[in-house]
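Here is a short briefing on a two-chain model. Look over the sequence and the fold, then read the points below.

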Amino acid sequence: MNTAAPTALIAEDEPLLAQALQAELARAWPALTVVGIVGDGETAVAQTLQLQPDVLFFDIRMPGQDGLDAAATLADAWPAHLPFPALVFVTAYDQYAVQAFEAQAVDYLLKPVQPARLQKTVAKVQSALANRAQGTVNFEATLAQLRGLLGPAMATNTAPLKLIQASAGTSIRMVPVDEVSYFEAADKYVRVMTPGHEYLIRTPLKELLPQLDAQVFWQVHRGTVVRASAIEQVTRDEAGKLWLQLRASPDKLAVSRLYAHLFKAM
Amino acid sequence: MKIDWIAKLRHLLQVLAFCLAISAIQYAFTPERPYEIPLVYSLFIGVATWVLIDFGRHLFASSAASGWPQGLGGFVLTLAGSVGGHLLGTLASDSWFGWSTWESGNTRTHLRNSILITALAGIAASYYFYSVGKRAYLERQMAEASQHANEARLKLLETQLEPHMLFNTLANLRALIGSDPARATDMLDRLIAYLRATLAASRQTTHPLSEEFARLRDYLELMAVRMGPRLRYTLDLPADLGKLPVPTLLLQPLVENSIKHGLEPKVDGGSLTVRARRKGAVLTLEVSDTGVGLRPAAPGGAGFGLAQVRARLAAAYDKQAAIELIAEPGSGTTASISLPCAP
């Protein structure tokens, strides 16, 4: 990590706004070097991994992967031995997102960016970078913040779903939720896996999650929700990544770093 | 069926006052008889008739909305209620006085007068209650309709003045003021025209097609500043179609959908075309994009814009207008409206 000049990456799909943020940053924090400006989530992840900047400014609404999804992907792919960059989200108007940022104490900027507000963000980021230099930074805290932002996805109070209705050609198969070992997002579909069978449904995982019993089904990845009792064992590979081995199937499921806290020996 | 007992009590009191008036008139014609006789008969017959009609109307399925049976039902109810009320009321009055109307001497004339009075009074009272009830019903309906219209207008305004669009546009303006004042002025003028048109759209029902295209150009110019090279657009309006009247900002939601759900989610962006064509007496307006196409369930209100266009077409042209949506995942979306027009 470069100790001299701090570096930043801006992910913003509107070119004028990206330039304006860069110009405002040049005034508010002259020492900061903007090493890249990208316009979509996927490129933001790739460029961050390659350039390893100290600070990230991620717009929430971007084509392809949005800012939050990009941050989550990044958290998974980030090399464990390096400190995670300081994250600042940028949004024009997202009442829900702003509340979530407040709750998770993640810094954010509202567009149009006001110089006085940007100055506060800069001070916050600078102190975060200083803490990081002293080695007191906590990656686990960042992960917890991201988990919080990605939503209290599973509800515990509403009546959980009992049946999955999966279309199979011209008929509809009724699959009891009790038989499902895991759900996996696949492009436009969600794969519903039972021992010996696989069904496809169109309901996005995001909409399915609140209808599942959080005690029974655990989210282990952005795209994977698994029945906790179907997990036989959890192993850690040489890269430090967790893998789930299921009881009734040969499938191995990857655990996102965001959800690795679920698996700790008692 | 929920019965409003306060209303029923009010009706009963009105019926009693009506019966007192009738008995007073009868007494005025036959002052030689004691006042008690017309009073008791009038009250018993009146109350019995009222009970049969005012409670009987709730048994008709068709009275659910306005409170009164529709068509022949209302007539039959009034007739049956009057006859039944007369019989019951006469029986009750007879037992009050301890005689029988049917066996006394002057039966025929007396009975005829009595029935005539009941029938006329029953019809008059029913008509009175019916018209009062109907007025209240119509007033309720009007209040509901105006509330619906207000809600729809508010929702339309909310979608058009979408805060995300507004604040992003303002952020761009803020950036341009420093770097390119001339472009900033142009963008501000477009924003002013867009806001003015949006606010005026709720008052004005139609405007010329050329005006519609000018407002779309304002909006698309604002979006082009924001999206940069990711948005290319073409507005194709043959000169001779410019004067044709169209519902105000009819195409706006379709253009917004194309940008929001078609082009904005696409990393490379794409192009958008709005085209007007006339064939005989049919005007075709087409909004097409090269975006991501419609997903199985488009989240975030693509449905509202489309439903709104559909509702406005139905209101303005009944069944003579149609909208068609052609979308394939990955190959863009085309919305095509056909309207009747002067050839």
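Two strands count as paired if DSSP finds at least two bridges between them. Helices (H or I, at least four residues) and strands (E, at least two) are DSSP runs, numbered from the N terminus. The model is predicted: local features need pLDDT of at least 70, side-chain atom pairs count only at pLDDT 80 or more, and totals for chains, interfaces and linings use all residues. Residues are numbered from 1 along each chain as its sequence is written, while chains are lettered from A and ligands numbered from 1 in the order in which they are written.

**Antiparallel sheet of chain A**

- Five strands of chain A form an open sheet with antiparallel pairing, in the order β10-β9-β8-β12-β11.
- Its edge strands are β10 (197-201) and β11 (217-221) of chain A, and each pairs on one side only.
- Neighbouring strands here are turned by 25° against each other on average, direction ignored. Axes are lines fitted to C-alpha atoms, for helices over the stretch in contact, and angles run from 0 to 180 degrees between N-to-C directions.
- Strand β9 (residues 189-194) of chain A runs antiparallel to β10(A), and five bridges join the two.
- A:Val190 has A:Ile201 as its bridge partner in β10(A).

**Parallel sheet of chain A**

- Another open sheet of five strands in chain A has parallel pairing, in the order β2-β1-β3-β4-β5.
- β2 (33-38) and β5 (107-110) of chain A each have a single partner strand, so one side of each lacks a neighbour in the sheet.
- On average, neighbouring strands of this sheet are turned by 20° against each other, direction ignored.
- Strand β1 (residues 7-11) of chain A pairs with β2(A) in the parallel sense over five bridges.
- The bridge partner of A:Ile10 in β2(A) is A:Ile37.
- Helix α5 (residues 115-133) of chain A packs on the sheet and touches β3 (55-59), β4 (86-91) and β5 of chain A. The direction of α5 makes about 160° with that of β5(A). Contact means that the C-beta atoms of two residues, placed from the backbone, lie within 7 Å.

**A residue in β1 of chain A**

- A:Thr7 sits in strand β1 of chain A.
- A residue is buried if 20 or more other C-beta atoms lie within 10 Å of its own, exposed if 12 or fewer, and partly exposed in between, with C-beta atoms placed from the backbone.
- A:Thr7 has 18 C-beta neighbours inside 10 Å and therefore counts as partly exposed.
- A:Thr7 and A:Leu56 are 49 residues apart in sequence, yet their C-alpha atoms are 8.9 Å apart in space.

**Helices of chain A and their buried sides**

- In helix α2 (residues 41-51) of chain A, the buried residues are A:Gly41, A:Ala44, A:Val45 and A:Thr48.
- These residues cover an arc of only 100° around the axis, so they lie on the same side of α2(A). The arc is that of the directions from the helix axis to the C-beta atoms.
- The cover over the buried residues of α2(A) includes β1, β2, β3 and α3 (67-77) of chain A.
- Just after α2(A), A:Gln52 takes a positive phi of about 45°.
- In helix α6 (residues 139-149) of chain A, the buried residues are A:Thr142, A:Leu143 and A:Leu146.
- They also span an arc of only 100° around the axis, which puts them on the same side of α6(A).
- The buried residues of α6(A) pack against α3 of chain A.
- The exposed residues A:Glu140 and A:Ala141 are on the face of α6(A) turned away from its buried side.

**Chain totals**

- Chain A has seven helices and 15 strands.
- The C-alpha trace of chain A spans about 60 × 40 × 30 Å along its principal axes.
- Of the 266 residues in chain A, 33% are buried.
- Chain B has nine helices and seven strands.
- The C-alpha trace of chain B spans about 105 × 45 × 40 Å along its principal axes.
- Of the 343 residues of chain B, 33% count as buried.

**Interface**

- In chain A, 15 residues are in contact with 19 residues of chain B.
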